[in-house]
Amino acid sequence: MTSDYFHFLSLIGVAFFAISGTLMGHEKNIGGFGVVVVGSVTALGGGTLRDVLLNQPVFWITQPDYLYATYGAIFIAVIFIRHLPDVSNYYMLLVDAIGMAIFNIVGIEKSLLEGTTMIVAITMGMTTGIFGGLMRDVICREVPLVMRDELYSTACFCGGLTYAGFFLLNVSYIWCIVGSLFITVFLRLGALHWGWQPNIFRKRTPRK
């Protein structure tokens with residue numbers, strides 16, 4: 001992936017997560033600058049942790065245009081909410097799913113550029129995609145989506161596996177990205193519509 005394309009994809013991911021944080025702030029009746037805090041933490045948290053773990057300069061410090069994208073997306077979301085006050089929670093979940101899918105790819109790509117193995121890159125992609133939303137939910141006193149009994153981190157992991165599979169088969173980068181995006185968003189939205197759950201542990205029936 002070229003640096004310009006990578007940068008553009010990162011900006012889009014930041015914007016989507018900033019919007020999801022703003023929508024959550026609206027749902028929780030957070031006012032004033034608090035909405036900006038929630039939106040910013042959601043947008044920048046995952047990438048910040050990723051860069052710290054990779055021992056790289058934090059992306060929004062070295063390239064302030066990520067802050068412009070964050071604040072711009074928050075402003076647009078606030079205007080949208082003011083004109084449509086009955087915003088459904090579904091919109092927050094939708095933009096969160098898209099933002100997670102994009103940041104998953106960005107985390108994988110950046111990790112691979114730093115010379116890590118694929119398994120580390122997949123883990124870094126999940127970290128990038130999930131951590132901002134985790135911080136958002138904790139700040140808003142919500143049970144984090146990643147901790148709920150539905151497909152969330154599993155969708156992110158499957159998206160990473162899709163990217164890895166295409167990458168190892170020497171498929172074009174664009175299809176690695178498209179395939180990963182599709183699988184992550186499809187599984188996440190499928191969980192919302194049809195209640196898909198990972199069900200790792202078998203439920204035991206009580207003894208009589």
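Helices here are DSSP runs of H or I with at least four residues, strands are runs of E with at least two, and both are numbered from the N terminus. The model is predicted, so local features need pLDDT of at least 70 and side-chain atom pairs count only at pLDDT 80 or more, while totals for chains, interfaces and linings use all residues. Residues are numbered from 1 along each chain as its sequence is written, and side-chain values use heavy atoms, with hydrogens and water left out.

I start at the surface. Tyr5, Phe166, Leu169, Val171, Ile174, Trp175 and Val178 make up a nonpolar patch, with about 630 Å² of accessible area together. A patch takes residues with over 30% relative accessible area and no salt bridge; nonpolar side chains (Val, Leu, Ile, Met, Phe, Trp, Tyr) are joined within 5 Å, like charges within 9 Å. The areas are Shrake-Rupley values with a 1.4 Å probe, and for residues only the protein chains shown count as cover. Helix H8, residues 173-194, supplies the largest share of the patch, three residues.

Valine 178 sits in H8 and is partly exposed because its relative accessibility is 36%. The classes are buried under 20% relative accessible area, exposed over 50%, and partly exposed in between, with a 1.4 Å probe and protein chains only.

Serine 180 is also a residue of H8, but at 0% relative accessibility it is buried. What does the side chain of serine 180 reach? It reaches the backbone oxygen of glycine 159, at 2.9 Å. Leaving out residues up to four places away in sequence, serine 180 touches Asn104, Ile105, Gly159, Gly160, Thr162 and Tyr163, where contact means heavy atoms within 4.5 Å.

Glycine 195 belongs to the segment after H8 and is partly exposed at 43% relative accessibility. Its C-alpha atom is 8.4 Å from that of leucine 151, 44 residues away along the chain.

Next, the aromatic rings. Rings of Phe, Tyr and Trp (its six-membered ring) pair if their centres lie within 6.5 Å; planes under 30 degrees apart are stacked, over 60 edge-to-face, and the rest tilted. By this rule there are six aromatic pairs. One of them, phenylalanine 17 with phenylalanine 103, is edge-to-face, at 5.3 Å centre to centre and 80° between the planes. Phenylalanine 17 is in helix H1 (residues 3-27) and phenylalanine 103 in helix H5 (residues 89-113), so this pair ties together parts 86 residues apart in sequence. Both phenylalanine 17 and phenylalanine 103 are buried. Phenylalanine 167 and tyrosine 173 form a tilted pair, because their centres are 6.2 Å apart and their planes are at 45°. Phenylalanine 167 is partly exposed at 29%, and tyrosine 173 is partly exposed at 38%. Tyr163, Phe167 and Tyr173 form one aromatic cluster.

Last, the charges. A salt bridge is a side-chain nitrogen of Lys or Arg within 4 Å of a carboxyl oxygen of Asp or Glu. How many salt bridges does a search of the whole structure find? It finds five. Arg50, Asp51 and Lys110 are linked in a network. Arginine 50 and aspartate 51 have their closest N and O atoms 3.0 Å apart, and lysine 110 meets aspartate 51 at 2.8 Å, N to O. Lysine 110 is in H5 and aspartate 51 in helix H2 (residues 33-53), so that pair ties together parts 59 residues apart in sequence. Aspartate 51 is buried at 0% relative accessibility, and lysine 110 is buried at 14%.

Key: Polar contact = N/O pair within 3.5 Å; in protein donor to acceptor, adjacent residues only side chain to side chain.
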